[in-house]
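Try each one before reading its solution.

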Amino acid sequence: MPKLIKNLSIVDDAFSIKQTPECPFPSSNVLVSLQEWKSHKNELSQQPQQVGVWLNSDEEPEELVDDIQSLQVIAINFPTFADGRGYSIARLLRERYGYTGELRAIGDVLRDQLFYMSRCGFDTFSVREDRDINDALEGLSDFSEVYQTSTEQPKPLFRRR
Amino acid sequence: MYKYDTYDKQIVADRARQYRGQTERYIEGELSDNEFLPLRLQNGLYVQRFAPMLRIAVPYGMISSVQLRKISEISRRFDKGYAHISTRQNIQFNWPALESVPDILDALASVQMHAIQTSGNCIRSVTSDHFAGVAADELEDPRPWCEIIRQWSTLHPEFAYLPRKFKIAVNGATEDRAAVGVHDIGLTLVTNTEGDKGFRVQVGGGLGRTPIIGSVIREFLPRQHLLTYLEAILRVYNRYGRRDNKYKARIKILVKALSAETFAQKIEDEWQHVKDGQATLTHEEFERISTFFTPPEYDQNINSGVLEQQFAKHEAFAQWHQHNVTEHKIAGYSIVTVSLKATAQAPGDISAEQMDAIADLADNYSFGELRTTHLQNMVLADIRQDQLFEVWQKLNALDLASPNIGTLNDIICCPGGDFCSLANAKSIPVAEAIQRRFSDLDKLYDIGEISLNFSGCMNACGHHHVGHIGLLGVDKKGAEFYQIQLGGDASQNTALGKIIGRAFGRDDVPDVIEKLVDVYLTNRHQDERFIDTFNRIGIAPFKERAYAKAD
């Protein structure tokens, strides 16, 4: 089973990703696209397995506002690690819309981005398959102090100095 | 200037350690070229024509004598014994080995310096007025605000992978020496009718391929809201800036596409959500930061009477004083610009020996501090007028007193095709040829205040769009040509130059510049500057002269 970093440890990934509505529905827990979620929300909510939603970096987290309380897993895709939109989407879900479930980074997720991702509210990281997940885990402790306000540290350093 | 506490030190040390690891993983092949690229860029490391180029942050141009000596030491140990002052007030090394960069970062960290965000698609090192805190025309010292922005933008988790680079400048004086109109965000300190302090906010200015002057999206932002408002701008840009085409990815394109009014409304909407949040600046923090920028202990009883005699006796000193010395806000003191524009010297380059020597001058005469300027010179900001003569003699002996500040020979020039792999054409030898053409000081002074800005390619590191005369290197079928623009202005009257016509070959450039200057000299009214004459008579007479057939 593929592995994930979740809450600072390495665990099995119980979800599979359904890339498009046309892909067959798996028996495992599943992440569906925003499009599929929006058009089949009711049926999907009836499924026996857990269903979460994955967003692409050009999609709007505002579209999920009504479902924030019921969703337990939301994933944000990084088509390439240089696409930084996912960081803003994550903060909005956490800080503006009050999402408290699992927030997962998927796609081009690499060690050197994990620290920033975790500060923006991601708690789960699906590290790119060809990379050593144990190595990536170390990226979460790159810095011991930060200046700004963010999801994991709402008080900026100047209010803590 | 600002001094790190344990928090700042920790963050910079963590970054140096992180970068060492990234370099090791790259060398071991665990990181691909593509993956290492943004990591090294966010640390100021470019891979250039002959060697990597490392850009060191000099936040808003402030550098201590101790720091400058360290730069000198690094230049001897890891480079070729010199450094370059960039047009964004930073310091560049042209020859470090990629493998030695982690050691350079450790050396920098030991003097509270770093290379964080001096490049890459992130918020770059903030720039400001190189006369901040000492300028006679200053309304408010911008440096505390620059430091507040520096800390906020350093390793910001949300804005490290923006669509494109992002530059912020702050001005607090009547004259705009920070060129805020051509930055992604330009902040001008203002006081409103109620007497409250805040910022006028301009967004979407920039040079490069699509030069645009920034639009004012807010006339008055109360100062405590600075960071939340910046956060709103950056978030909107991060989400909606174009990522499909790097030439259309700067915020200026987004502002233009939406219109400044719509963009301003979008920022206002986003801001309402974050306004008054934890990032709202506290009075205590502003006071804490401001204490680092309180004026030094100025001597109130300086006898400046000696200057007149010295001028009478030493014409060269008088010339230097007229051009390289600026009025200070405190009577009895002057601001000295250290010219890095000696003829035959690449503009902005400074040797290790010169760095050590002016670090000593700063200690002995200027409270141990210096500044770098985006015009590629350095500044000793607090010189007693009764010591100006001594300082001039010492600078002169170091070849750092060329009396040419603000003249045609004070050329802003990117490193160009001699170093930069992006450049279309060489810039340094052409700049030298122009300097030689105008080597006669009487002629140079007769021409008066003028700016000549020179970029080796359309990325515009030499800010050619905002030079009174702008030179741009272009490539035509493998040959180097130079396009000339006139009428640019980086001051508070920000204007972009207009191209006069087809480009010229390298050897023709000094002749053409001379012809353009002649048009000015013939047409000027008394005391009119080049730019004023240009604005009055228009481009046509210049064009006509530049392309006239030889008689």
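Two strands pair if DSSP finds at least two bridges between them. Keep in mind that this is a predicted model.

**Exercise 1.** Find the strands that pair with strand 5 of chain A, and work out how enclosed strand 5 is.

*Solution.* Start with strand 4 (residues 29–33) of chain A: it pairs with strand 5 of chain A in the parallel sense over four bridges. Here Leu31(A) sits opposite Gly52(A). To get from strand 4 to strand 5, the chain passes through helix 1 (residues 34–46) of chain A, in a right-handed β-α-β crossover. Next, look at strand 6 (residues 73–78) of chain A, which runs parallel to strand 5 and is joined to it by three bridges. Val53(A) has Ile74(A) as its bridge partner there.

Now for the side chains. In a regular strand they alternate between the two faces of the sheet. In strand 5 of chain A, Val51(A), Val53(A) and Leu55(A) point one way, Gly52(A) and Trp54(A) the other, and all are buried. With five of its five residues buried, strand 5 of chain A is therefore largely enclosed by the rest of the structure.

**Exercise 2.** Describe how helix 7 and helix 8 of chain B are arranged.

*Solution.* Their axes come within 6 Å and cross at roughly 105°. Angles of 65 to 115 degrees count as roughly perpendicular, so that is how helix 7 and helix 8 of chain B lie to each other. Helix 7 of chain B contributes Leu254(B), Val255(B) and Leu258(B) to the contact; helix 8 of chain B brings Ala260(B), Thr262(B), Phe263(B) and Lys266(B).

**Exercise 3.** Which helix of chain A gives the largest share of the side that touches chain B?

*Solution.* In total, 29 residues of chain A contact 29 of chain B. Helix 2 of chain A gives the largest share of chain A's side, five residues.

Methods:
Residues are numbered from 1 along each chain as its sequence is written. Chains are lettered from A and ligands numbered from 1 in the order in which they are written. This is a predicted model: local features need pLDDT of at least 70, side-chain atom pairs count only at pLDDT 80 or more; totals for chains, interfaces and linings use all residues. Two residues are in contact if their C-beta atoms, placed from the backbone, lie within 7 Å. Helices (H or I, at least four residues) and strands (E, at least two) are DSSP runs, numbered from the N terminus. Axes are lines fitted to C-alpha atoms, for helices over the stretch in contact, and angles run from 0 to 180 degrees between N-to-C directions. Angles under 35 degrees count as roughly parallel, over 145 as roughly antiparallel, 65 to 115 as roughly perpendicular and the rest as oblique. A residue is buried if 20 or more other C-beta atoms lie within 10 Å of its own, exposed if 12 or fewer, and partly exposed in between; C-beta atoms are placed from the backbone. A crossover is right-handed if, with the strands pointing away from the viewer, the path from the first strand over the helix to the second runs clockwise.
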